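Please look over the sequence and the model first.

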Amino acid sequence: MKIDINTKMITLLGKPLGQSFAARMQNAGYEAAGLNMLYFYTEVEKDHLGDVVNGLRYMNFAGFAVTKPNKVRVLRYLDQLDPLCEKMGASNTVVKTEDGKLIGYNTDGVGFYTSLVEEGKVKVDQSVFYCFGAGGAGRAMCSVLAYHGARKIYITDFYEPCAQALVDDINTNFAPVAELVHHGDFSKVAACDVVMNASGIGMGSTIGQSPMPEEYVNASQFYFDACYNPDKTQFLLNAEAKGAKVLNGLGMSLYQGAAQIELWTGKKPPVEAMRKELMDILAEQK
C-alpha cells in the first residue's frame, strides 16, 4: 500500500482495540477497490474523545469509525446526524465533509440485520429477542429489530439507567416493543426466540466469561454474539454445547464495514475481498 500526501485517513476510536480485525478488513477493501486510503487504530476513551475528534477535523481524514465505549458519547461532538442514527442515539461511522463538518451515521444496525437474516435465517417479525448490553452495539441492534417489526425485545445492562434509556428511546422512536429486565434477572430468557450478547463480555479481558449462566440456555433458541474475536465466546460455546444454533459478529462486522466504505467514498464496496481477508484472519487465529 502506497501512502502519499493525497492518502485519505480513517481511524477507529475506542478502547480496547487489540481484538479488532477492522483495519485489515478495511485496508484489504481499499486495495481491492483501488482507493488511496488507510485505516488505523486510535485507542481513546471518553476523557479525551472530544479532543481527538476535534483534531480530526483539521487533518487529512475522510472520516472515522467509532466503537466501544464511545458510540453514544461521540454524538455530542458531531455537527449533524443521519435520521436513523439520531433515532438510535449512537454512531459508529462519521463522514467528514469538504468543509470540515462531521456527520454521524450508524452502519451497525445494517450490518447486524443483514447478517442475522441472511446468515442466521432469523425471521425478525416473528421473533422475540433478549439483549445483554445497551451500549452502542446494543442500541443499534435493538433499534433495527424494532424498525423491522420485532414482536418483543427484552433489554438488560449492568448499568441499568443505560438499559432504561434504550427501552424508552425504542418505544418512543420506533415501536412500543421494548421492556427493561433488571440486571441478573434471567427469568425472561425462556420466553425468547433469539438471545443476543452485545455487552462485550467474552472478549478482551473477559474471555471465558458469559453474561448468562449456562443453565438458562435452551437448545431451541438462536444465540448471537456481536463479538467475533474470539470467534466463539463462552456465551456461544455454552449455547452450542446445548445444541442451539449460534452466530458470531463476523458477518455484522463485514456488512457494516462495507456500508462504511460506501459512506466514506460514495463507491460500492468490494464485499468479497473484505470477506476473504476476515476468513484469512480467522484461519490465522487457529
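How many aromatic pairs does the count come to? The model is a predicted one, and the count comes to 11 aromatic pairs. A pair of aromatic rings is described by the distance of the centres and the angle of the planes. Two of the pairs are set out below.

| Pair | Centre to centre | Angle between planes | Kind |
|---|---|---|---|
| Phe132 and Phe235 | 6.4 Å | 80° | edge-to-face |
| Tyr223 and Phe235 | 5.6 Å | 65° | edge-to-face |

In the pair of Tyr223 and Phe235, the planes stand at 65°, which is over 60°, so the pair is edge-to-face. This pair also links distant parts of the chain: Tyr223 lies in strand E11 (residues 222–225) and Phe235 in helix H7, 12 residues apart. Tyr223 is buried, as is Phe235.

Which residues form one aromatic cluster? The cluster consists of Tyr130, Phe132, Tyr154, Phe186, Tyr216, Tyr223 and Phe235. Another ring, that of Phe174, has the charged end of Lys87 sitting over it, 5.7 Å from the ring centre.

**Helix H9**

Helix H9 covers residues 271–285, which is 15 residues. At 1.5 Å a residue, H9 should span 21 Å, and its end C-alpha atoms are 21 Å apart, so the two values agree.

Which residues of H9 are buried? They are Met274, Glu277, Leu278, Ile281 and Leu282. Seen down the helix axis, the buried residues of H9 fall within an arc of 135°, and therefore they line one face of the helix. The face turned away from this buried side carries the exposed residues Glu272, Lys276 and Ala283. Helix H1 (22–33) and helix H8 (250–265) are included in what covers the buried residues of H9.

**Gln260 in helix H8**

Helix H8 contains Gln260. Is Gln260 buried or exposed? The relative accessible area of Gln260 is 2%, so Gln260 is buried. Apart from neighbours within four places in sequence, Gln260 is in contact with Gln26, Ala65, Asn92, Thr93 and Thr107.

**Backbone features in loops**

Most residues other than glycine have a negative phi, and most peptide bonds are trans. The peptide bond from Lys68 to Pro69 is cis, with omega near 5°. Pro69 is in the loop between strand E3 (61–66) and strand E4 (80–81). Asn229 and Pro230 are also joined by a cis peptide bond, where omega is about 10°. Pro230 is placed in the loop between E11 and H7.

Where is Lys121 found? Lys121 is in the loop between helix H4 (108–118) and E7. Lys121 is not a glycine, yet it has a positive phi of about 60°. With a relative accessibility of 61%, Lys121 counts as exposed, because this value is over 50%.

Conventions: Residues are numbered from 1 along each chain as its sequence is written. This is a predicted model: local features need pLDDT of at least 70, side-chain atom pairs count only at pLDDT 80 or more; totals for chains, interfaces and linings use all residues. Side-chain values use heavy atoms; hydrogens and water are left out. Rings of Phe, Tyr and Trp (its six-membered ring) pair if their centres lie within 6.5 Å; planes under 30 degrees apart count as stacked, over 60 as edge-to-face and the rest as tilted. Helices (H or I, at least four residues) and strands (E, at least two) are DSSP runs, numbered from the N terminus. Buried means under 20% relative accessible area, exposed over 50%, partly exposed in between (1.4 Å probe, protein chains only). A charge sits over a ring if NZ of Lys or CZ of Arg is within 6 Å of the ring centre and within 35 degrees of the ring normal. The expected span of a helix is 1.5 Å times one less than its number of residues. The arc is that of the directions from the helix axis to the C-beta atoms. Contact means heavy atoms within 4.5 Å.
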